[in-house]
Every structure is written in C-alpha cells, then in structure tokens.
Amino acid sequence: MRPLIIIGNWKMNGSLATNQDWVKTVARGMESGMPAGRQFVVCPPFPYLAQCSVLIKEYSLAFLSLGAQDASAHESGAYTGEVAASMLKEMGCTYVIVGHSERRQFHHEVDEVVAAKALQVLDNGMTPVICVGETADERNSGRAEEVVCSQVAKQVNVLQDRLVDCLIAYEPVWAIGTGKVASAQVAQDMHCTIRLQLAEFNDDVASHVGILYGGSVKPDNAVELFAMPDIDGGLVGGASLNPQDFLAICQA
Ligand code: PEP
C-alpha cells in the first residue's frame, strides 16, 4: 500500500518571521494527531532550510519532513549559484523536487538535466520528486499523453530500477498557479497512463512509485483528487503558504 504524501512547495515565498508562524500554526494543528499512513513535507527556499529544520525539531514535528525545491545536476565545484544535493542532505532534507515546470520554463531545464539531478538526489540518500506535465497548447492539440509519456520515458531510460525510490508529480502546466485544477478524472486518467507505462518497464516499480498530483490543489478539491486510486497525494504550491489551508489539505 502506497502512503499518501502531501508536499508543500513554497516557491520563492517566505521570510524568517512568516516561516516561524507557519511552523508554529502547523505544529498546533498536528498536535492532536494526523490521519495514519500519510507523510507531509515542506519545501522552503534554500536560505530558509536551516531555520525550518531547527523549527521542525524544536516543535517535535515528527509528521513533517523537510524538502528542497531543486538541486544541482553536479556533485560539487565551479557552479556559481547552484546547491549540491549533499548540502541539502546536510541541512536535513529528505525530499527534493526536480524538473518543476517553472525550472523547465524559466531555466530551460530539459529531461536529461532533470534525470541528472534526480541521480544526485538518489546518490545522497534522498527522494527525488520528478515533475512532469503538459502545457495548455499540448493538451488542446490532443498531445497531453504523448508529452507526459515522453518525459517519463526519459527518466526511465536514465534511472532504470532506481525509479523505485522516486516520486513522480504529474503537474499539468495549465493548472499550476492558475486556479484551474484538473478534474479528478482527468488527473486519474493521466496517473493511470503513467503507471501503465512504468509497468511496461517493471511491475515492481509501477506498484511502488507514488504519483502525486499538482496544480491548484486546495482544501475544497483535495478530497476528490486523493480518493482516486492512482493519485498518491499532492504537490501543493500556493495553498501551502497558508498553514491552515496546508493542514486542511493534509487532513483531506
Ligand atoms: C506547484 O508549484 O508545484 C503547484 C502545483 O502550484 P499551485 O498549487 O499553486 O498550482
């Protein structure tokens, strides 16, 4: 049985003061217990990882893990501005998002780079959360499955059996930050397509890999999405900034 995993991606938001309030509010909300069989992760911007790691320990938030929003494809060296996976590990991260559509769009990251990042994350004992998803034009021209399957295929080619230790996040680009959530059925259909594609490679990988949905997840649509058989949780952007909304999604 795959656990339900909810990952909050703060993107480039937060401050020392608001982060403190966020962790305090989430700690209070989680005090009375959380539904069993679930994992929760928060991914602050790099400069706040140390602060959030300390706060999570201070509030004894056993339910909450720390994640990062990206990692370098390189191990170390002359890559100004980049952050190595080994550094994220040292900061207490256990999950790292790679290939987010905003990285693909604004930083021109291609599938080969995404796979190299995922390998760095795996080599450092963390879980890569590999994002895939089609644009509005690709969906409207009937190419959604082709695009997503091609992104997944490139990861399979490089990562092979190590995919079993990864998460995949299906994030239709047209649903990210737009308020336009994919219907639960549209999301389920794509998740099922991805799982069948993984099964063609390896049944064990297909049954173990968690496939999360991302794109305008909110407290009022989370229940329906998470009830779908192939949706194993959510990658939540905007709504994760509000601790009450994040808690409500975690409890959905
Ligand atoms: C995201 O950043 O991965 C995301 C899904 O954003 P939002 O929930 O705001 O659409």
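**Entry 1: the ligand**

I started at the ligand, where one of its oxygen atoms sits 2.8 Å from an N or O atom in the side chain of Lys11. A reminder to myself before going on: this is a predicted model. Next I looked up Asn9, and a side-chain N or O atom of that residue is 3.2 Å from an oxygen atom of the ligand. Ser216 takes part through its backbone instead: an N or O atom there lies 2.8 Å from a ligand oxygen. How many residues surround the ligand? I got 14, and the closest are Lys11, Glu171, Gly177, Ser216 and Gly238.

**Entry 2: aromatic rings**

Then I searched the whole structure for aromatic pairs and found three. Where do the two partners lie? Trp10 is in the loop between strand E1 (4–9) and helix H1 (16–30), while Trp22 is in helix H1, so this pair ties together parts that are twelve residues apart in sequence. Buried or exposed, I asked of Trp10 and Trp22? Both turned out to be buried. I also followed the ring pairs onward, and they link Trp10, Trp22 and Phe246 into a cluster.

**Entry 3: the cores**

On to the nonpolar side chains. The largest nonpolar core holds 69 residues. Ile6, Leu88, Ile194, Leu198, Tyr213 and Phe226 have the most contacts inside that core. As background, nonpolar side chains in soluble globular proteins tend to be buried together.

Tyr213 got its own line in the notebook. Leaving out residues up to four places away in sequence, I listed what Tyr213 touches: among them are Tyr170, Pro172, Val181, His191, Leu225, Ile231 and Leu235.

**Entry 4: cysteines**

How many does the structure hold? The count is zero. For Cys43, the nearest cysteine sulfur belongs to Cys93 and is 7.6 Å away, whereas a disulfide needs the two sulfur atoms within 2.5 Å. Cys43 is buried, at a relative accessible area of 1%. Cys250 is in no disulfide either, with the sulfur of Cys43 as its nearest at 12 Å. Is Cys250 buried or exposed? At 0% relative accessibility, I put Cys250 down as buried.

Technical notes
Residues are numbered from 1 along each chain as its sequence is written. This is a predicted model: local features need pLDDT of at least 70, side-chain atom pairs count only at pLDDT 80 or more; totals for chains, interfaces and linings use all residues. Side-chain values use heavy atoms; hydrogens and water are left out. A nonpolar core is a set of buried Ala, Val, Leu, Ile, Met, Phe, Trp, Tyr and Cys residues joined through side-chain atoms within 4.5 Å. Buried means under 20% relative accessible area, exposed over 50%, partly exposed in between (1.4 Å probe, protein chains only). Contact means heavy atoms within 4.5 Å. Rings of Phe, Tyr and Trp (its six-membered ring) pair if their centres lie within 6.5 Å; planes under 30 degrees apart count as stacked, over 60 as edge-to-face and the rest as tilted. Helices (H or I, at least four residues) and strands (E, at least two) are DSSP runs, numbered from the N terminus. A residue is near a molecule or strand if one of its heavy atoms lies within 4 Å of it. A polar contact is a pair of N or O atoms within 3.5 Å; within protein, one must be able to donate a hydrogen and the other to accept it, and residues adjacent in sequence count only if both atoms are side-chain atoms.
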